[in-house]
Amino acid sequence: MSDIRCAELRFEYPGGVRALDGVNMSIRAGERVAIVGQNGSGKTTLVRHFNGLLRPTSGTVTVGDADSSRTRVAQLAASVALAFQDPDKQIFAGSVESEVAFGARNLGRRGQDLSDAVEGALESVGLGGEKRTNPYDLGYSRRKLLTIASVLAMNTPIVVLDEPTTGQDLRGVRIIEAIVKQLGNDGRTVIAVSHDLRFVAENFERVVVMRQGKIVTDGPPEQVFAEESWPTLRSTNLEPPYAATVGARLGLGSTPTLASVVEALES
Amino acid sequence: MLALERVSYRYPGAPRLALRDFTLTLNDGEVVGVVGASESGKSTLALVCSGLAPRSIGGSLTGRLLVDGDDMQGRPMHEMAAHIGICFQNPTSQLSQVAATVFEEVAFGPLNLGLDRLEVARRTTSALEKLGIGSLAERDPERLSGGQMQLVAVAGLLAMDPRHLVLDEPTAQLDPAGKRLVADSLASLARSGTALLIAEHDTDLLAGLCSRVVVLDTGAIAYEGLTPEVLADERLTEFGIEPPSDVALRREVESAGLHLDLPA
Amino acid sequence: MVTAAAAVVLGGVFWPLVIVLGAVLIPASIAGVLPTLLRYSILFSLPIAISALLVNLFFFPGGQTILFQIGPISATAEGLSFAIEILCRIAAFSGAITLFYLTTKPTELVLDLERRGVSPRLAFVANASVQTVPAMAERAQQIVAAQRARGLDTEGSVWRRFRGLVPIVGPVVLGSITEVEERSMALEARGFTRPGKRSLLWFPPDSPLQRIFRWLLVVGLGAIVAARAAGLI
């Protein structure tokens, strides 16, 4: 099983912008982690180190046994599949089916094995009936689900989703929540970068908050969204999810999720 | 005042109508929200209101679009632009790319109208001030944050002096700070008299801005009314829309048989 | 400055180009771009300069005075003097073009043209096209990253990398088209399609002195050509 470990990770973009300033963290196999922070905090830069797209300026990133700076991205992709935020910067195939098959095919799957993977992925995003459709005949939110399906079909132990709920309607968000849950049940690691703190609080067991290239808080939602942590959140320009604010107003303790509010009221 | 009377629209070569028998009035200074699942017609509505459909993208339109009682049929796009502005969700693709500063970017529209330089400068300054971005005037528009870029886009539209603005998911691609920036600016814009029609998924945002909300479903109005009633209505989720946070919480609590008493 | 450079280019028809170089190097140091100018123009003209030198040095027809020999081929003095002439022209030519390129901002050039009557829409296209290149390059970079994340091998064999072009070129083109569509709608919504002239906020200033200078250059060029034709120089 693959852990991800970052030790003293520093990264500077050419031009001198320091995007990561000494990140130390590890993600255990099977964890569901959300990485949050405002634009420019380093969250996207961090996850691009997990599959070797970016290599540390100093420090190390290890995925399982592999040192990311010594492994080809195409090889790391067999362990870590990363779905980018903008579907229109990925989609190239003429049919939904071939688009979803792209990643899995790159990893060497063929024949029945490949079509099963594609079928399964399409079902989980609700595009099962659109195999032959041209991706550009789908609306934006379904194109986004398509790119997530493509990553799911790669069947990697670690899945990284970059802003999966941005631009999604209710149905799209529910589908993504179901996917996160299913991946967790299957023992796969899910890492999501997201602005949507409600989505984060409701679906992830661990929240990593970043600011200016450093991790400022790292823990379960109950801790990260508790009232004591609000000053830290606000210093990164984030607001706690609504459920947490209600819990605080009613003196119910830390209630990051809707269910936790109900639970607190019941007791 | 902007009025759509029984408007239907079909995209060029499309089998179905994207907008069906749509009737809506947007009064001066009003802020009206439009919600609906993806592909329910929100973007189409925005394109029709602005005049881009059918003038720029083709397709066929039936029904009437009226501004202050005048039928806009056949009026060219640059005339429409003086009445109704349209803001899209992608901040970068609205930049002209030929302006070195925000000031020049915002001035782009009035310059197209061939107005004299003093008038252009007056309108540009006024638009920047209305949105509170006067301090960005000398900045390179390509180097701004998403939220700031959206405000520049809106300023660019305001400089055309329209009395109505249509916004198609203006905050969809912004981070929370950007969303708040744009929401606050839109609120103050509405207070200064511009009528706004905002299509959004984010019902929390609309709850704070709009007096009325229209719910779209497959191109037609499913139901409409005053904001609090529409957003608290149980049918909202059936139409694929996430209710605002407070409504969602209340529902969750009440379905467990409990009661939520929020102090003011 | 624009027309000055052009005139210099056209004026390169005879040997005393060394003088003409003065019209390149001196303005360059005034504009503060001398080091960059030297770097770029030498870089660009190097291949052609070297080949011109070698060809003429060794293979100049009718070359009599032999300077030295390498194996069967010999370098001639006549060839050398002709080669030097050519090098001077190349230097003036590339120097002038580089000067033009370094001292003119595309936006200013376009605004100036628009002021003099070029259609605003054409001017816009010229201006925006310059900006498109870096935007497209950035888009291409992001697309490459996204495809690599799905296992596209860009570090393997040449053949694999070649096959990898389709998943990159596709979205670059499609995405650029989509962005162009969105941008053109946004621009139309700001009155871009109104027929007639646009106003201009500002345009590059043009003093009488500059105008006189430009005319002098054109006249001087004409005189040089005439004198050359008449066999005077």
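Start with chains B and C. Their contact takes 24 residues from chain C and 31 residues from chain B. By contact I mean two residues whose C-beta atoms, placed from the backbone, lie within 7 Å.

A word on provenance. This is a predicted model, where local features need pLDDT of at least 70, side-chain atom pairs count only at pLDDT 80 or more, and totals for chains, interfaces and linings use all residues. Residues are numbered from 1 along each chain as its sequence is written, with chains lettered from A and ligands numbered from 1 in the order in which they are written.

Back to the contact of chain C with chain B, which takes 24 residues from chain C. On the chain C side, the elements giving two or more residues are helix H6 (120-149) and helix H8 (166-188) of chain C. H8(C) gives the most, with 7 residues. By class, that side has 9 nonpolar, 7 polar and 8 charged residues. Here Ala, Val, Leu, Ile, Met, Phe, Trp, Tyr, Cys and Pro count as nonpolar, Asp, Glu, Lys and Arg as charged, and the others, Gly among them, as polar. Helices (H or I, at least four residues) and strands (E, at least two) are DSSP runs, numbered from the N terminus.

Now chains A and B. Here 24 residues of chain B are in contact with 25 residues of chain A. Helix H7 (176-191) and helix H11 (245-255) of chain B each give two or more residues to the chain B side. The largest share, 6 residues, comes from H11(B). By class, this side has 12 nonpolar, 7 polar and 5 charged residues.

Next, the sheet in chain A. It is open, with 4 strands in the order S2-S1-S4-S5 and antiparallel pairing. Strands pair if DSSP finds at least two bridges between them. Which strands stand at the edges? Strand S2 (18-27) and strand S5 (66-67) of chain A do; each has a single partner strand, so one side of each lacks a neighbour in the sheet. Strand S4 (residues 58-63) of chain A pairs with S5(A) over 2 bridges. Thr62(A) stands opposite Asp67(A) in S5(A).

H1(A) packs on this sheet, touching strand S1 (4-12), S2 and S4 of chain A.

Last, that helix. In H1 (residues 43-50) of chain A, 7 of the 8 residues are buried, so it is largely enclosed by the rest of the structure. Buried means 20 or more other C-beta atoms within 10 Å of the residue's own, C-beta atoms being placed from the backbone. Among the buried ones are Leu46(A), Val47(A) and Phe50(A). Just after H1(A), Gly52(A) takes a positive phi of about 80°.

Key:
A residue is buried if 20 or more other C-beta atoms lie within 10 Å of its own, exposed if 12 or fewer, and partly exposed in between; C-beta atoms are placed from the backbone. Axes are lines fitted to C-alpha atoms, for helices over the stretch in contact, and angles run from 0 to 180 degrees between N-to-C directions.
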